[in-house]
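Hello,

Here is the structure for your files. My notes follow below it.

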Amino acid sequence: MDQTTFENFLLGRCSAEEREAVEAWFMRHIDSDEVDSACLQMLGRMSAYHDRQQAIESYKELRKRLGLKHRSPWVGRIVRGAVAASVLALAGAASYHIGSNNAPAAQLPDLAQIASPLHGSLTAHLPDSSTIVLRPGSRIVYDRNSFRSHRDLMLFGDAYFEVAEDKSNAFTIRCQGAAIEVLGTRFDVHSHDDDDEFEVALYDGSVKLSSAFNSHSDTLMLRPGEIAKVDKITGALSTMKIDGLDSSTDESSLIFIDRPLHDIVNVLRRRTGTNIVLVNPHLSDVTFFAIFNGDESADRILATLALSEPMTITRTDSNTIEIR
């Protein structure tokens, strides 16, 4: 792929597959001079102010999606003072090589995208023998070419992981606003965009969590039986130890540990396909501690929650539930 294709990425003229390719490329080359070179070279081609503005916004969105909190170093080299508004923003990269025509091009990504059904889970086995259970409406993206030697993937949504141990090669999961690094362990990640909280529950092994929500950054190591929760609005991170959480659990179970009703409703919508309307906004932030079997209905789960918090659960039609 050439510079023209790369420019189409920057201006939002690319396909969904190309956009995923750029995310994988950017993720693998974030610390490389190749990113700087590509951005600087393309900036020189984009003389129109509106083109640069489009690129700026696209770059910001990409970094946000990948959970990257620091600006790329080329930003400061290109722009000074009031000109800062015209800094190039990378929407994606069309190729692994944007540079001298005489230099050999790096291998293009062979992107694998695995997605679960809208209202069902999907079990997948990765090239390193790790296992992942994608919850409803979730997906992962990784590069087949490099995954065995560079275990790095992006998660959009919720998933349960059983990571194959490889002490020489860490396994990294990138979500919007967070990254999780492991060597071999079992854990759950909850990272849907429309939820109020980001959550990691560790069953065994250890994981390193780095979060950056709302300009608030934290890094911590989790131990078996611990849950880390990040409030996406404030960026505040909290941890708690749950007795029995380090024992084996059914991968289809629903585990709500101090989860706000807003997020629980989102989970039930995704898992059951039921239209659940939270009519009373004051209930949105009420938290619950509960564990349910994966096959329980939305009606049963909500009725159980209503035993501990005054609220009325009404089914208005075959696919709609109202909470008042």
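How are H6 and H7 oriented to each other, roughly parallel or roughly antiparallel? The model is predicted, so to speak only of what counts: local features need pLDDT of at least 70, side-chain atom pairs count only at pLDDT 80 or more, and totals for chains, interfaces and linings use all residues. Residues are numbered from 1 along each chain as its sequence is written, and side-chain values use heavy atoms, with hydrogens and water left out.

The axes (lines fitted to C-alpha atoms, for helices over the stretch in contact, with angles from 0 to 180 degrees between N-to-C directions) of helix H6 (residues 261-272) and helix H7 (residues 298-305) come within 11 Å and cross at roughly 165°. H6 and H7 are therefore roughly antiparallel (angles over 145 degrees). Leu261, Ile264, Leu268 and Thr272 of H6 make the contact (heavy atoms within 4.5 Å) with Ala298, Ile301, Leu302 and Leu305 of H7.

The protein has 7 helices and 18 strands (DSSP runs: H or I of at least four residues for helices, E of at least two for strands).

Regards

How values were computed. Angles under 35 degrees count as roughly parallel, over 145 as roughly antiparallel, 65 to 115 as roughly perpendicular and the rest as oblique.
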